Amino acid sequence: MLGMPLLPRYHTPLRKNLVRHRRVILYGSALPSFIAAVAMPAIGHAGVHTAQHPLSVQIQRSAQTTAPHIGSAMAVLATLQDAEVLPPEGTRDANSIIRFVIQFQAVFTKSADPAVHAFARQAMASQAEPQPAEGIARFRATGWTADALERLSDEEARRSPEDLQELAQGFAVFNVSVGNFHTLMQLVREARQAFQTRGLEFRQVFASRRKEMPGTG
């Protein structure tokens, strides 16, 4: 955990799930309900019947979604919320960001498109780690990581609009567009900048949030 609270309202634990008499009790929540909704499928996998939020269906449509991937998507949304870069809760834009976080995680962990693979390899490569296979494998196993988000956002910013259009076909399979990708990556860049002005690092905040989410075991 971080040595200091990110914001006063996040000083208490993010959320705790207590299963008693087949009920889920949520308390100490620091997240808006539209982010907490992403957790509903994970709770359901534990054998607890919960009312389905419409947005949770976006995750449940994929039978291959795992608890680590759900927790990673929640951590991304929580981190962006900490940075105060998310649109107002309940708006069309806010719901779109949830969809982008979920769908682009699926794109980069499941797509078979060569252009998507090449983009991810280029993003994850560095002078210190010219062979990005380990980082990509970790990303596919656990879902979003701070390293992947930072590198993808940097790579997206470096590419020309013409280059990025090569990703359109692979993105379309997952019902997202190059424009949607730019929106999400721009939010990541804005969050990184917001944390930097507070003396924090994006990956530090993300790591703290990730520990509070499902699938850390």
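This is a predicted model: local features need pLDDT of at least 70, side-chain atom pairs count only at pLDDT 80 or more; totals for chains, interfaces and linings use all residues.
Local features need pLDDT of at least 70 and side-chain atom pairs pLDDT 80 or more, while totals for chains, interfaces and linings use all residues; side-chain values use heavy atoms, without hydrogens and water.

The protein contains 12 helices and 2 strands (DSSP runs numbered from the N terminus: H or I of at least four residues for helices, E of at least two for strands). Of its 217 residues, 48% are buried.

Aromatic pairs (Phe, Tyr or Trp rings, the six-membered one for Trp, with centres within 6.5 Å; planes under 30 degrees apart are stacked, over 60 edge-to-face, the rest tilted) number 10. The ring centres of F104 and F181 are 5.2 Å apart with planes at 45 degrees, so this pair is tilted. F104 belongs to helix α5 (residues 92–110) and F181 to helix α11 (residues 178–197), so the pair ties together parts 77 residues apart in sequence. Both residues, F104 and F181, are buried. F108 and F171 form an edge-to-face pair, at 6.2 Å between centres and 75 degrees between planes. This pair links F108 in helix α5 with F171 in helix α10 (residues 168–172), 63 residues apart. F108 is buried, at a relative accessible area of 5%. One aromatic cluster is formed by F100, F104, F108, F119, F171 and F181.

Methods: Residues are numbered from 1 along each chain as its sequence is written. Buried means under 20% relative accessible area, exposed over 50%, partly exposed in between (1.4 Å probe, protein chains only).
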